Amino acid sequence: MKKFLILWAGEMISSIGGGLTAFGLGVYVFRQTGSAGAMAIVNLLAFLPTLLLSAPAGVLADRYDRRTMMMLGDGLSAIGIIYILICILNGGAALWQICIGVFVSSVFSSLMEPAYKATVTDLLTAEEYTKANGLVGIVGSARYLISPLIAGLLLAVTDIKVLLIIDISTFLVTVLATGYVKKGLKSKKKEVAESFFESFKAGWKAVTGNKGVFRLILITSVLTCFMGVLQILSEPMILSFESSKTLGICETICASGMLVSSLSIGILGIKKHYKRTLMFALIGAGIAMSLFGIKENVVIISITGFMFFLMLPFANTCLDYLARINIDERMHGRAWGIIGLISQLGYVIAYGFAGIIADGVSKAAGISVGRGSAIIIIVSGILLAATAVLVGFISIRETPVSSDNK
């Protein structure tokens, strides 16, 4: 647990730094273009490599030292951010330059996720998984809770260059934390060598061979499409009638819901009814999302956003737990890569089309980009709640086969 907490702290710092860059680039691009579509393109290129490379990265996580992969991925991902910073220092970064930078950074970051999730399995027992995932949820919330507030306040007195410099400096802290965890922790390597394709095939079979897990992941892919709409359109919706400082404060209030539930899960855990909890958490998220865009009112946005983020750690923890106990832990590296690939395909659709559709709706209806974004968010929230009901019809084991310590 000590090593996990050190690794967790490093990831927390990295998440805050990455959130500063994401927030700053979103504001920077919107001020340059005034387009939700342009912001969506940047987010898509930042996300797509991580998605497409997650499965190969998962295979590598089972074949090579997972901590080394984390150090390389996190350290080298700074290259893309440094490139954007250099462009801005030379007079300003064009949209295509920002796209290149976030794409390069994302390519190296893709090594991180499967290795990190598999490392959690290496460090902890099955009984500690849900509490650990509550803490991991706090790392995810930091990107939305702490970073927007800091970034919004900094942008009120300085510019995006400061945010990028802070982000770049956090990479060193994360690499050092991972290096400490790596020391004295043996890498689990396969005794019988197998080809990369055979490893990938084994991981695919581990995921698809369990019908309950596979169906759950397929439904999750649909759900992430609707959830991705909120992630991509909330910023242009708010920036259309408020300042970047207000946006940062609003995002922090919304994301505090994730902090509250993550802390609750980290302390108490989730003992049973994982599938039911997952379903109701997603239904609640959909209802909150449908109310998020109902009016240009920061109070309403903050309250409904808080409720949306409050639901996410419950859903993520239950999904994580159900996948872990139903898949052989020797396959976890490649399995998490494939799970990430399938479950997050919905984000690609949302990132690729939500901004374009919002721009189109705003032009056709003669309304602002912000209100066009709000309409798409409302519709997606309704569809999210409706689709979440399907989770209740999935048959999947909810208790581990064995709870023996590693």
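## A nonpolar surface patch

L153 lies in helix α9, helices being DSSP runs of H or I with at least four residues, numbered from the N terminus (strands are runs of E with at least two).

Together with L149, I249 and I253, L153 forms a nonpolar patch on the surface, with about 290 Å² of accessible area in total. Such a patch is made of residues with over 30% relative accessible area and no salt bridge, nonpolar side chains (Val, Leu, Ile, Met, Phe, Trp, Tyr) being joined within 5 Å and like charges within 9 Å. A salt bridge here is a side-chain nitrogen of Lys or Arg within 4 Å of a carboxyl oxygen of Asp or Glu. Accessible areas come from the Shrake-Rupley method with a 1.4 Å probe, and for residues only the protein chains shown count as cover. Helices α9 (147–157) and α13 (244–268) each supply at least two residues of the patch.

## Basis of the model

The model is predicted: local features need pLDDT of at least 70 and side-chain atom pairs count only at pLDDT 80 or more, whereas totals for chains, interfaces and linings use all residues. Residues are numbered from 1 along each chain as its sequence is written, and side-chain values use heavy atoms, with hydrogens and water left out.

## Overall architecture

The secondary structure of the protein consists of 18 helices and zero strands. Of its 406 residues, 56% count as buried. The accessible surface comes to about 16,900 Å², and carbon and sulfur atoms account for 69% of that surface. Among contacts (heavy atoms within 4.5 Å) with a separation of 6 or more, 89% join residues 24 or more positions apart.

Helix α1 covers residues 2–33, and its end C-alpha atoms are 46 Å apart. G34 follows α1 and has a positive phi, near 65°.

## Nonpolar cores

In soluble globular proteins, nonpolar side chains tend to be buried together. A nonpolar core is a set of buried Ala, Val, Leu, Ile, Met, Phe, Trp, Tyr and Cys residues joined through side-chain atoms within 4.5 Å. The largest core has 98 residues, and I98, L233 and F308 touch the most other members. Helix α12 (residues 211–239) gives the largest share of this core, 14 residues.

Beyond four places in sequence, F308 touches M227, L230, A285, A288, M289 and L384. A second, separate core of 15 residues includes L7, I16, M70 and Y116.

E251 is found in helix α13 and, at 14% relative accessibility, counts as buried. Not counting residues up to four places away in sequence, E251 touches F23, Y144, P148 and E235.

H273 sits in the loop between α13 and α14 (274–292). Its phi is positive, near 55°, in a residue other than glycine. H273 is partly exposed, at 37% relative accessibility.

## F314 in helix α15

F314 belongs to helix α15 (residues 298–326) and is partly exposed, at 23% relative accessibility. Apart from neighbours within four places in sequence, F314 is in contact with S261, I265, I270, T277 and A281. The C-alpha atoms of F314 and M279 are separated by 9.7 Å, the two residues being 35 residues apart along the chain.

How values were computed
The expected span of a helix is 1.5 Å times one less than its number of residues. Buried means under 20% relative accessible area, exposed over 50%, partly exposed in between (1.4 Å probe, protein chains only).
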